[in-house]
Amino acid sequence: MKIGLFIPCYVDQFYPQVGIATLQLLEKLGLEVNYPLNQTCCGQPMANSGFEYKGENLIKMFEENFQKYQYVIGPSGSCVMHLKEQLSHVKSHLADGVFEICEFLTDILNVKELPSEFPYRVGVHSSCHGLRGLRLATPSELNENPSDKPGTLLKMIKGIQLVDLNRKDECCGFGGTFAVSEEAVSVKMGTDRIRDHELNGAEVITGTDMSCLMHLDGLLKRQKKNIRVMHITEILNGNNEVK
Amino acid sequence: MVSHAKNAEKFTKDLEKVDWHDATLWGARSKRDLAAKSIPEWESLRTLASQIKENVLANLDEYLLEFEKNALLNGAEVFWAKDGEEHNKIVGDLLVKHNINNLVKSKSILTEECHLNQYLEDLGYDVVDTDLGERIIQFAKQPPSHIVTPAIHVKKEEIGELFHQYIGTEKGATDPQYLTEAARGHLREKFLNAEAAITGVNFAIAENGGFVVCTNEGNADMGANLAPIQIACMGIEKLIPKAEHLGVFLRLLARSATGQSITNYTSHFFTPKKNGKLYIVMVDNGRTEQLGREDFRNSLKCIRCGACMNTCPVYRKSGGYSYGYTIPGPIGSVLAPGRDDHEYASLPFASSLCGSCTNVCPVKIDLHDQLYKWRQQIVKNGNVDQSKKWSMQMATYIFEHPKLFRFMGKTARLFMRLSPRFLIYNSLNKWGKSRELPDSPKQSFRDWYINHKIR
Amino acid sequence: MSSREEILEKIKKNKPVGAILPVIPDFPGDGEELEKIFEKSLIKNSGNLISTNSINDIHEYINKNYSPAQKICSLIKGIEGNVDIEKIADPHELKDLDLVILKGEFGVAENAAIWLSENTMGFRVLPFITQHLIMVLSKKDLVENMHLAYKKINLKNVGFGVFIAGPSKTADIEQNLVIGAHGSRSLTVFLMN
């Protein structure tokens with residue numbers, strides 16, 4: 001099984017520990033993982049701003065970087081969703097090979113246990129693109145049999161206490177350039193999500209997308225709240241130092 | 001040009017009101033969830049409703065003709081209006097023809113879209129909206145801020161003041177029971193004196209020429225069933241092929257809107273009442289154009305339940321008026337650019353593309369995908385400011401050149417690490433107005449990878 | 001070109017192709033007693049249900065809750081009111097009615113909607129203009145859901161028909177539920193064995 005590691009541009013630059021956790025987690029599960037060195041961005045920021053056409057070269061670059069891999073795994077539901085869509089537009093075989101890390105662990109690897117420990121009260125932020133785009137879990141709007149891939153994995157972690165939220169999968173208001181172009185609403189949405197986690201006693205907010213967590217973290221730090229954010233791969237990989 | 005972001009910023013300043021607005025509409029969304037989950041076949045119903053509407057759109061001309069034929073057989077008169085102006089003129093002319101002095105009107109978003117009230121008031125008519133919410137905003141001289149609960153943004157203290165001023169309730173009275181009772185008395189008088197009643201249409205049935213109007217208050221019925229002249233105004237997309245399809249739509253409509261299993265009154269009008277007249281006005285007003293837009297025609301399936309507004313976090317936290325269009329929220333942001341993609345260019349961007357709207361839509365309109373597609377269209381048509389275009393161009397260029405990307409990344413991180421706070425947090429940095437930027441690590445992931453895995 | 005032709009022309013030009021109508025299943029429920037489902041639905045809609053075997057119970061209910069001075073109009077055989085619908089020429093004369101008693105043609109369990117057609121109500125405005133409404137429904141006339149309801153309704157020769165599922169209500173003032181907006185202030189359903 002040849003695995004290509006896709007690390008979103010902002011994770012590469014600002015959250016290397018998330019890339020490291022993803023890589024280590026996959027290696028611990030016995031996989032051979034390579035990180036192609038010339039990757040940059042999937043093109044989603046441009047596309048969501050109305051400049052989808054500008055991403056054409058970026059998708060070509062992605063294909064070149066990852067063409068020899070059967071699976072491409074990334075720690076982001078949002079980027080993976082965008083890649084899947086764009087790759088299927090250009091009829092690339094990679095469209096079916098790109099996975100968000102949690103769905104890869106549950107659906108392809110059938111992971112049943114993880115040796116990690118994380119003795120904290122954790123609130124899960126269900127990032128929308130992973131949730132509603134990739135169906136990492138059943139969105140609260142739908143009358144379907146409930147499933148929850150990130151939750152299934154987190155429940156394998158020793159000592160973890162998952163908190164219930166009042167609004168279990170409401171958007172945090174990051175939304176890419178939305179966070180800046182609709183600053184006021186974005187900040188209000190994020191603040192309200194934090195309040196929900198806070199009211200329900202979360203010490204750590206985790207999720208499948210560092211971008212949403214970056215937005216929440218920015219608010220938490222400005223508001224001097226004693227809640228930390230961690231990417232789900234960090235917890236699954238056993239990083240239990242809450243900074 | 002409407003700037004949703006600017007309007008929204010104003011709305012968010014009154015935190016107490018925003019929180020109330022948000023919680024109230026979330027309440028509607030929660031009730032909708034409970035109702036949807038009480039029906040095992042809910043998702044199948046949504047699919048069926050979408051398929052029926054698909055069929056309607058593919059045969060709309062034939063269904064309209066079938067409806068017209070049957071409505072005429074029922075004794076109704078049918079008018080076709082290509083736009084809002086013509087619609088208003090038809091209604092105005094009917095009122096003049098019948099020497100109407102007093103008229104009542106029940107809720108119709110179509111007539112809001114056409115600005116009928118303004119037109120009739122200019123002709124000298126006192127238009128009396130009879131839905132309680134609509135009467136409230138009529139007193140306040142405001143448009144609706146939500147299509148199902150039009151006065152959702154008005155607090156009971158403000159309503160008390162309006163009622164004191166217009167219908168003589170006690171000053172300072174805010175009890176909803178008392179205020180509603182006062183409105184009942186006030187509007188009963190209007191119903192009894194009305195010579196004409198205007199209603200909207202929820203569904204028009206091609207096979208029998210009838211139409212259905214849903215209310216909880218019974219105001220459409222009090223109006224239409226008392227006044228000798230009844231005028232029903234409908235968008236041409238309100239057609240459904242057969243009465244049996246009502247079974248599907250009525251199971252979805254109220255549950256999606258408010259979580260009720262059905263509205264307390266679901267009236268089916270076929271013939272004019274005894275000694276009365278029944279007129280039906282069918283309006284295009286941009287719908288046929290939207291039908292021709294392959295990416296956006298699905299929006300014509302809308303049954304105006306308002307569920308996408310209730311679930312939309314942006315709508316809940318920015319209010320209906322921030323959209324500057326008759327229909328706010330996700331569906332409004334899909335419809336408005338079809339009317340004018342310059343004026344309403346900001347609306348498709350008033351979304352985090354979270355996709356919740358698509359999931360609650362009872363007719364499965366792919367709302368967030370359409371918002372995404374409008375963004376592409378709006379940029380293509382040049383309705384985007386230069387600075388955004390330039391920054392996107394620059395970003396793309398950087399991402400297309402991995403070495404440059406790495407250099408820029410490293411420089412930015414270094415700058416963020418070493419610069420004094422005022423250089424980073426200033427008016428140019430919108431992110432940093434209420435949020436901290438992430439810490440800037442010395443090493444990127446790639447740097448780490450080369451150090452640990454390749455060397 | 002008239003607007004009619006123009007609209008039809010534009011539709012012809014712009015409409016998508018195909019898309020056949022789906023078959024609508026009946027979606028039968030899990031066998032729970034319809035009467036129980038109906039009652040739960042009605043209560044949710046702020047209506048009252050009284051199950052009874054005898055028309056006397058309706059008499060008793062009316063005598064207990066209404067005075068002879070109040071205007072009562074019944075369209076049900078065996079229950080006398082004091083307003084004779086036959087003598088009414090104009091529906092506006094119904095404005096002072098306190099109570100109307102009508103027979104529901106059938107009821108829908110999933111939402112407590114009761115079907116009435118113009119043929120059974122004399123004047124279209126009758127069930128709306130009254131202050132209070134009683135509907136009498138036979139238990140055997142309950143159907144499970146709206147799909148079955150539309151199979152049952154005969155819309156031929158009906159000028160007007162309505163599903164009534166509760167009293168008139170509104171929540172337009174800060175979402176506070178208030179019963180008695182414009183139409184009847186209460187709905188009491190007598191479900192007859």
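Which helices of chain B are included in what covers the buried residues of α16(B)? The cover includes α13, α14, α15 (313-318), α17 (356-360) and α18 of chain B, where helices (H or I, at least four residues) and strands (E, at least two) are DSSP runs, numbered from the N terminus. This is a predicted model, in which local features need pLDDT of at least 70 and side-chain atom pairs count only at pLDDT 80 or more, while totals for chains, interfaces and linings use all residues. Residues are numbered from 1 along each chain as its sequence is written, chains are lettered from A and ligands numbered from 1 in the order in which they are written, and side-chain values use heavy atoms, with hydrogens and water left out.

**Helix α16 of chain B**

- Helix α16(B) is mostly covered, since 10 of its 11 residues are buried, and buried here means under 20% relative accessible area, with exposed over 50% and partly exposed in between (1.4 Å probe, protein chains only).
- Among the buried residues of α16(B) are B:G329, B:I331, B:L335 and B:A336.
- The axes of α16 (residues 329-339) and α18 (residues 367-380) of chain B come within 9 Å and cross at roughly 35 degrees; axes are lines fitted to C-alpha atoms, for helices over the stretch in contact, and angles run from 0 to 180 degrees between N-to-C directions.
- The crossing of α16(B) and α18(B) is left-handed, a word used if the near helix is turned anticlockwise from the far one by less than a right angle, with right-handed used if clockwise.
- On the side of α16(B) the contact is made by B:P330, B:I331, B:S333, B:V334, B:P337 and B:G338, and on the side of α18(B) by B:L367, B:Q370, B:L371 and B:W374, with contact meaning heavy atoms within 4.5 Å.
- The residues of this contact divide into seven nonpolar, three polar and no charged, where Ala, Val, Leu, Ile, Met, Phe, Trp, Tyr, Cys and Pro count as nonpolar, Asp, Glu, Lys and Arg as charged, and the others, Gly among them, as polar.

**Domains and chains**

- Chain B is divided into domain 1 (1-37 + 299-384), domain 2 (39-285) and domain 3 (396-454), with bounds that come from an automatic or database domain assignment.
- The centres of domain 2 and domain 3 of chain B, taken over C-alpha atoms, are separated by 56 Å.
- Chain A is assigned domain 1 (2-108) and domain 2 (121-236), and the C-alpha centres of these domains of chain A lie 21 Å apart.
- In chain A, 26 residues of domain 1 are in contact with 19 residues of domain 2.
- Two pairs of chains touch, and the most contacts are between chains B and C, whereas chains A and C do not touch, their nearest C-alpha atoms being 16 Å apart.

**Chain C and its residue C:F106**

- The secondary structure of chain C comes to five helices and 11 strands, and its C-alpha atoms fill a box of roughly 65 × 45 × 40 Å, taken along the principal axes.
- Of the 193 residues in chain C, 54% are buried.
- C:F106 lies in strand β4 (residues 106-108) of chain C and counts as buried, at 3% relative accessibility.
- Leaving aside neighbours within four places in sequence, the contacts of C:F106 include C:W115, C:L137, C:I153 and C:F163.
- C:F106 and C:F163 are 57 residues apart along the chain, and their C-alpha atoms are separated by 9.6 Å.

**Nonpolar cores**

- The largest nonpolar core has 155 residues, and those with the most contacts inside it are B:L239, C:F38 and C:F163; such a core is a set of buried Ala, Val, Leu, Ile, Met, Phe, Trp, Tyr and Cys residues joined through side-chain atoms within 4.5 Å.

**Residues in loops**

- A:K224, in the loop between α11 (210-222) and β8 (228-231) of chain A, has a positive phi of about 55 degrees although it is not a glycine, and at 74% relative accessibility A:K224 counts as exposed.
- B:R304, in the loop between α13 (287-291) and α14 (307-311) of chain B, also has a positive phi, near 60 degrees, in a residue other than glycine, but B:R304 is buried, with a relative accessible area of 17%.
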